[in-house]
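Biologist: Hi! Could you walk me through this model? I'd like to go piece by piece.

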Amino acid sequence: VPIYKIPFTFNLMHSWSHLSIIYGNEAGARIAFEDACLLILSTKYDGENVHGVRVKQGDGGIDIYVGYLGVGPVDVYQCKFFPGDLDASRQQQIRNSYHTASDNKNFELKSWTLCLPQDLSLSEASWFDGWASKQTNVQPKRLAPAQLMRWAEEAKLVNFIFRKTDSHKLDEILSLVRGNGKSEWALVVEEAEADCAKILMSLIRRHVDCLGGTSSHLTKLAV
């Protein structure tokens, strides 16, 4: 039975962009990133009113808010899982999210912070800072990905967010299958392989019977 090595080391995975690898695609990573931000901010603002927003005909420019909507000023966090370049389309999405929140009449905006999975390039940062400085209501801010990771580490959420517990179990299983584990586990693996071999041989024999002995190479296997 071939054993395949994991193509990267889980224990070194401390990058938000790696969520795409863990969850298989960008859509899954986007949801995971938003969930991670909510978990982290809930811990960061422990004891305060922290909530995510379920999308229904738009989210009002809010992914996460701290405070009480319609009661007092709220801190708003907008999570954008944008790996790669911050092109014109993504820049427009950021502007739209900010203006949707800042122009919303249902709540008062205290702050608006953008959460991204990676640092911006020099030109991208220049665009954001220039655009942000021109906003007259509440000036948009960026939360550094490293700061978000630091908060996750302080809250002991990194293993959960990056599924490290599952990866450690997988590493242990692979180690056992390779024969580096305890003897009782090695015995279980051997028995499983033997059972699989029996099933395979049974299927080969049935196939040979159906062919009426016309395939000599299979006939030899079935003996």
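Modeller: Happy to! One term before we start: buried means under 20% relative accessible area, exposed means over 50%, and partly exposed is in between, with a 1.4 Å probe and protein chains only. Helices (H or I, at least four residues) and strands (E, at least two) are DSSP runs, numbered from the N terminus. With that, in helix 2 the buried residues are Gly 28, Ala 29, Ala 32, Phe 33, Ala 36, Cys 37, Ile 40 and Leu 41.

Biologist: Where do the coordinates come from, and what do I need to know about the values?

Modeller: This is a predicted model, where local features need pLDDT of at least 70 and side-chain atom pairs count only at pLDDT 80 or more, while totals for chains, interfaces and linings use all residues. Residues are numbered from 1 along each chain as its sequence is written, and side-chain values use heavy atoms, with hydrogens and water left out.

Biologist: Good. How many helices and strands are there in the protein?

Modeller: There are nine helices and five strands. Their order from the N terminus is α-α-β-β-β-α-β-α-β-α-α-α-α-α. Of the 223 residues in the protein, 37% are buried.

Biologist: Back to helix 2. What span does it reach from its first C-alpha to its last?

Modeller: Helix 2 covers residues 26-44, 19 residues in total, and reaches 26 Å, close to the 27 Å expected at 1.5 Å a residue. The expected span is 1.5 Å times one less than the number of residues.

Biologist: And which residue caps its N-terminal end?

Modeller: Asn 25 does, with a side-chain oxygen 3.2 Å from the backbone nitrogen of Ala 27. As for polar contacts, the term stands for a pair of N or O atoms within 3.5 Å; within protein, one must be able to donate a hydrogen and the other to accept it, and residues adjacent in sequence count only if both atoms are side-chain atoms.

Biologist: Switching to the sheet: in what order do the strands come?

Modeller: The five strands form an open sheet in the order 1-2-3-4-5, with mixed pairing. Strand 1 (50-52) and strand 5 are at the edges with a single partner strand each, so one side of each has no neighbour in the sheet. Neighbouring strands are turned by 25° against each other on average, direction ignored. Two strands count as paired if DSSP finds at least two bridges between them.

Biologist: How many bridges join strand 2 to strand 3?

Modeller: Three, and strand 2 (residues 64-66) runs antiparallel to strand 3. Tyr 65 stands opposite Val 76 in strand 3.

Biologist: Which strands does helix 2 lie across?

Modeller: Helix 2 lies across strand 1, strand 2, strand 3 and strand 4 (109-115), and runs at about 170° to strand 1. Helix 3 (residues 88-102) also packs on the sheet, touching strand 3 and strand 4, and its direction makes about 160° with that of strand 4. Axes are lines fitted to C-alpha atoms, for helices over the stretch in contact, and angles run from 0 to 180 degrees between N-to-C directions. Contact means heavy atoms within 4.5 Å.

Biologist: Next, Arg 90: buried or exposed?

Modeller: Arg 90 lies in helix 3 and counts as buried at 14% relative accessibility. Its side chain reaches the backbone oxygen of Pro 83 at 2.6 Å, and a polar atom of that side chain is 2.9 Å from the backbone oxygen of Asp 85. Leaving aside neighbours within four places in sequence, Arg 90 is in contact with Glu 26, Phe 82, Pro 83, Gly 84 and Asp 85.

Biologist: Last one: what does the side chain of Gln 78 join in a polar contact?

Modeller: The side chain of Asp 63, at 3.1 Å. Gln 78 sits in strand 3 (residues 74-79) and counts as buried at 2% relative accessibility.
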